[in-house]
Amino acid sequence: MRVNKWLILLAVAIPSLMIEMAGTSVFVGFEVIATDLNVGMDKSVWLSTLYLAVNAMMIPLAGWLGRKLGYKRVIFFGVVIFTLSSLLCALARDFESLVVFRALQGLGDGPIMPVATALLLEVFPARQRGRMMTGLMLAYSIAPALGPLIASWLIDSFDNWRAIFYMNVIWGMASILAVSLLLPSMKPSEATVKVNWTAFILLAIGTGSLQLFLDRGDHLSWFDSGIISALFITAVVSLALYLIITFATRDKSVLDMGLLKNVPFMAGNLANMVLMGALYGVLMIKVFYLQWILGFTVLQSGIYQAVLAGSMLIFSIIAGILTDKINPRWLVIAGLPVTVYSLSLATGLGLYSDMNSIMFVGIVLGAGLALVSTPISITVFSTVKSKDMAAATVMNSYLFVVSAGVSLALVTIFLMHRIDVNTINLSGAVTVCNPAIANAMVINPTTGLAAAYTEITRQGAMFGFIDVWYLMAFILILILLYLPYMKRATEL
């Protein structure tokens, strides 16, 4: 059957745009949701971490579902589930039900991306994958701009966070229409399709338990809590049993672990995990900084995200075109210093930074991330054989989502820890021996000391954010280790 590969790319890009918009738009609504549903700001991270955990749990089934049902059906039903769960999120009565419905969103979109990527890699020849990835990256880049901007405008206009999820419903309906009309019907594989359900259940339980352990550990005093201890044991035992069963039976139906013998593929996935983990961490932390420290409105935070994503969009187009023409490692060599430089600029921000300084950091960060992420997204598959491409996309998507979820949890833990440490260290200055404190007490004995402690708390938080940005810059430097393994797909 003759197909138009560019229409297929369009059909895949629309639901990709929807999913990415849904993920990034929630960030700007954290504070409003937390306030309206009476939960702490740190607890609102559950809306992303549990969503990503369920998403990761579903990805290993993508290969099996693609062979069993066909690519079009998997994408179609995934979009339908995602759209219906978005409606449920909009109608949620409390925080707990909202978290559950967000998890259902992850259930729907989990298989979409690996199946869509496998389809595109089959349809497009190696010499056109840079341009193909440019088209896909347009969706990835536009989403962080459109999602937060539209979401923040809706919240600001309607004074209601539920508008975010109604927006998802509208995009979901558009995605259903695009998939129905533009994707050709594809027959499922005629070969007998089996899945090792024991291995899948163990991997799902292990992944989910690990995510919940990291997300809730700090709040429940880690191993002083029986729940956290149980989650840790469950994660370790489940993942260990999964690996034992997988290697003992040489099973490839869930995750093809044999692909990790391909050193360039493994190195590319590690680089991608570092990059995407840092990206999600930086995006979340920046929103916290803008809203917690600077007191920005949701709309102002959305504008910042839009500027950053707009920069990513422009440089993703440039990087996608160049990846087909030059050695992709040169783009990483150019983009990584830009990314690290942008984070060094972020460490110079403070309690009273102006909008121009903040926007400049966003523009530089977006440019650097685009130059690094586009070539890595393409070259990670450059040494994978055609017959293994579907399994490789499943592995790549699973590791990507796990790294994003783990990053959100670990960055939050590190941020809260550094805020506590810095605040304690600074509080030593609040004594009557300090001339500034003594003067404040003379001027207003009632509120002087309280005002001093409030300011120290803000300073401690600011130093905490700076510590996180330094950490992110250091971690991103590790991507240099992937450079020797980067290879153009056309060289095969």
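**Notebook: contacts, charges and rings**

I looked up Ser86 and found that, leaving aside its neighbours within four places in sequence, Ser86 is in contact (heavy atoms within 4.5 Å) with Gln105, Phe165, Asn168 and Val169. The model is predicted, so I note that local features need pLDDT of at least 70 and side-chain atom pairs count only at pLDDT 80 or more, while totals for chains, interfaces and linings use all residues. Residues are numbered from 1 along each chain as its sequence is written, and side-chain values use heavy atoms, with hydrogens and water left out.

I placed Ser86 in helix α4 (residues 71–90); helices are DSSP runs of H or I with at least four residues, numbered from the N terminus. Ser86 counts as buried, at 0% relative accessibility. Buried means under 20% relative accessible area, exposed over 50%, and partly exposed in between, with a 1.4 Å probe and protein chains only.

Next I turned to charges. Side chains of opposite charge can pair when their charged atoms come close. I counted one salt bridge, which requires a side-chain nitrogen of Lys or Arg within 4 Å of a carboxyl oxygen of Asp or Glu. The salt bridge joins the side chains of Arg418 and Asp467, at 2.8 Å from N to O. Arg418 lies in helix α15 (residues 389–427) and Asp467 in helix α17 (residues 448–476), so the pair ties together parts that are 49 residues apart in sequence. I recorded Arg418 as partly exposed at 22% relative accessibility, and Asp467 as partly exposed at 21%.

I also looked up a charge over a ring (NZ of Lys or CZ of Arg within 6 Å of the ring centre and within 35 degrees of the ring normal). The charged end of Arg102 sits over the ring of Tyr51, 4.1 Å from the ring centre.

For aromatic pairs, my count was 12. Rings of Phe, Tyr and Trp (its six-membered ring) pair if their centres lie within 6.5 Å; planes under 30 degrees apart count as stacked, over 60 as edge-to-face and the rest as tilted. Phe465 and Trp469 are four residues apart in helix α17, separated by about one helical turn, and both are buried.

Finally, I found that ring pairs link Phe213, Trp222, Phe223 and Phe232 into a cluster. Phe232 is in helix α10 (residues 226–249) and counts as partly exposed, at 35% relative accessibility.

Key. Helix = DSSP H or I, 4+ residues; strand = E, 2+ residues; numbered from the N terminus.
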